[in-house]
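Subject: Structure for your review

Dear colleague,

Please find the structure below, handed over for your work. My findings follow it.

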Amino acid sequence: MDALAIRDRVGARRDRYLAELEAMVNIDCGSFNREGVNRIADLCEARFRRDGWNVERIAPEPDDRGQALGDTIVGTLDGDGGPSALLLGHMDTVFDDGVAAERPFWVSGTRAFGPGVSDMKGGLLAGFTAVEVLLDVGFDSFGRITYVCNPDEEIGSPSSRELIRGLAGNHDAALVLESARANGDIVSARKGVTDYEIRLHGRAAHAGVEPEKGRSAVIEAAHKAIAIAAVHGRWPGVSCNVGVLRGGTRTNVVAEEAVLQVGLRSPELVSLEEAEREIERICSEPVLDGVTIDVHAEGWHRPMEKTAASQRLVDAAVAIGAELGFVVRDAATGGASDGNTTSAAGCPTIDGLGPIGGADHAPGEWLDLESVVPRIALLAGIITRL
C-alpha cells in the first residue's frame with residue numbers, strides 16, 4: 001500500500017486529531033483518579049464505536065480499601081486473514097489533580113504542551129487515526145487488530161497486565177504507542193524493572209541509659225544501603241538505586257524499625273535475575289545480631305529485549321520511513337512500558353510509535369506537531385507490512 005497516499009489521508013485528519021488531543025490533555029487523569037481516567041475511557045470507547053470496532057469495557061476489582069482504578073477499553077477488528085496486530089496505549093498520566101487547569105493544552109510554534117500530551121495522549125490518538133485511515137482505504141489484509149487502552153501503565157499496569165500478557169500470545173506483533181524519543185528514535189529494547197521494599201526490624205532501647213540492649217534497624221539499613229548500591233553497574237547496563245531510607249523515632253531511642261526502597265533495572269533477563277539474587281543474598285546476612293530483614297519484591301516488568309523478530313519490525317519501520325521521506329532509527333531505553341509485558345510473553349514488539357515528544361512527567365512536556373502526520377502514517381504503514 002502506498003505510504004504517501006496514507007500520509008495524505010492522515011493529513012486530512014490533522015485538525016480533528018489536534019482538537020481531540022486538546023480535549024484529552026485538559027482532563028486530569030492521574031493513575032489513581034478513577035473518574036478522570038474513565039473520562040478518557042469514555043472518549044476512547046466512543047471513538048471505537050464510531051469507527052466500527054467491537055468494544056469491551058473491563059472494570060477492575062476494588063482493592064482492600066474498596067478503591068478501584070479506571071476501566072480498561074479493548075477494541076477489536078477482524079479482517080479477511082493475515083497477521084494479527086496488538087496495539088497498546090495508556091490513558092493515565094503521572095500528574096496530580098488540578099494540573100490540567102493550572103497549565104492546560106497550549107501551542108507554541110510547532111510544539112503542543114500540557115500534562116500527558118506526549119505520555120501518552122498523542123500516541124493514544126495516533127492509534128485510532130492510523131487504523132481509521134486503513135479502514136478508509138479498504139485495507140483488510142489482517143487477521144485481527146486489537147487495541148488495548150489501559151488505565152494504569154504509569155503504576156506498572158497492575159489491573160491490566162495479565163490481560164495484555166494473555167492477548168500478546170494470540171497476536172503476531174505488538175505495537176506500543178508511546179511517543180518516539182525526542183530525537184525521533186523508535187524503541188526496540190527497554191530495561192526490566194524490579195522494585196524492592198526492605199523492612200528491617202531491630203530492638204528498641206534507651207539510647208542514653210542502656211543502648212547496649214538495643215539493636216538499631218537504622219544502622220543495619222545503612223549497611224544494607226551501601227551494599228545494595230554497589231550492585232549498580234556490576235553487570236552491563238544494570239542500574240540500582242536506593243531511593244528511600246527511613247527509620248527510627250527519636251534521638252534518645254535506638255531505632256526499632258527501618259525501611260529501604262530500592263529500584264533495580266537491567267536490559268537483559270539473565271543479569272536482572274543475577275542482580276535480584278545478589279540483593280536477596282545481601283539482605284539474608286544481617287551485620288548486627290538480633291536484626292531481622294523482610295524483603296518484598298515487585299517485578300513490574302521483565303526486560304524488553306531486542307530479538308530477530310523485533311528487528312524485522314524495525315526493518316519494516318525503516319523502510320516505510322524512507323518511503324515517507326525521513327530516517328527511522330531504533331534505540332534502547334531504561335524506562336519500562338507495556339511493551340515489556342508483550343515482549344516477555346514472546347510477542348515481537350516495538351515501541352515509540354507515537355508522534356515525537358519529550359520532557360515526559362515534567363511541567364514542560366511537549367509534542368512535536370510537525371511529526372504527527374508522518375508518524376501516524378508510519379504506524380499505519382507498519383500495520384500493512386506485518
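The radius of gyration used here is taken over C-alpha atoms, and the globule rule is 2.2 Å times the number of residues to the power 0.38. For a chain of 386 residues, a compact globule would therefore have a radius of gyration near 21 Å; the chain has 23 Å, which agrees. Please note that this is a predicted model.

Overall architecture

Taken along the principal axes, the box filled by the C-alpha atoms is roughly 80 × 45 × 40 Å. The secondary structure consists of eleven helices and 17 strands. Of the 386 residues, 51% count as buried. Among contacts with a separation of 6 or more, 81% come from residues 24 or more positions apart. The accessible surface amounts to about 16,200 Å², and carbon and sulfur atoms contribute 49% of that area.

Charges and salt bridges

The chain carries 38 positive and 59 negative side chains, with the centres of the two sets 2 Å apart. The count of salt bridges comes to 27. Three of these pairs are described below.

Arginine 47 pairs with aspartate 51, with the closest N and O atoms 3.1 Å apart. Which side of the burial cut-off do these partners fall on? Buried means under 20% relative accessible area. Arginine 47, at 5% relative accessibility, therefore counts as buried, and aspartate 51 is buried as well, with a relative accessible area of 17%.

Arginine 57 forms a salt bridge with aspartate 71, where the closest N and O atoms are 2.9 Å apart. This pair links distant parts of the chain: arginine 57 belongs to strand E1 (residues 54–58), while aspartate 71 is in the loop between E1 and strand E2 (72–78), 14 residues apart. Arginine 57 counts as partly exposed, at 29% relative accessibility, whereas aspartate 71 counts as buried, at 7%.

Glutamate 276 forms a salt bridge with arginine 302, and the closest N and O atoms lie 3.0 Å apart. Here too the pair links distant parts of the chain, 26 residues apart: glutamate 276 is in helix H8 (residues 269–283), and arginine 302 is in the loop between strand E13 (292–301) and helix H9 (308–324). Glutamate 276 counts as buried at 13% relative accessibility, while arginine 302 counts as partly exposed at 26%.

Backbone geometry

Most residues other than glycine have a negative phi, and most peptide bonds are trans.

The peptide bond from aspartate 119 to methionine 120 is cis, with omega near -5°. Methionine 120 is placed in helix H5 (residues 117–136).

Serine 157, although not a glycine, has a positive phi of about 55°. Serine 157 is found in the loop between strand E6 (144–150) and helix H6 (161–168), and counts as buried at 0% relative accessibility.

Alanine 359 is not a glycine either, yet has a positive phi of about 55°. Alanine 359 sits in the loop between strand E16 (354–358) and strand E17 (366–368). With 37% relative accessibility, alanine 359 counts as partly exposed.

Yours sincerely

Definitions and conventions:
Residues are numbered from 1 along each chain as its sequence is written. This is a predicted model: local features need pLDDT of at least 70, side-chain atom pairs count only at pLDDT 80 or more; totals for chains, interfaces and linings use all residues. Side-chain values use heavy atoms; hydrogens and water are left out. A salt bridge is a side-chain nitrogen of Lys or Arg within 4 Å of a carboxyl oxygen of Asp or Glu. Buried means under 20% relative accessible area, exposed over 50%, partly exposed in between (1.4 Å probe, protein chains only). Helices (H or I, at least four residues) and strands (E, at least two) are DSSP runs, numbered from the N terminus. Contact means heavy atoms within 4.5 Å. Accessible areas come from the Shrake-Rupley method with a 1.4 Å probe; for residues, only the protein chains shown count as cover. Lys and Arg count as positive and Asp and Glu as negative; His and the chain ends are not counted. The place of a charge is taken as NZ of Lys, CZ of Arg, CG of Asp or CD of Glu.
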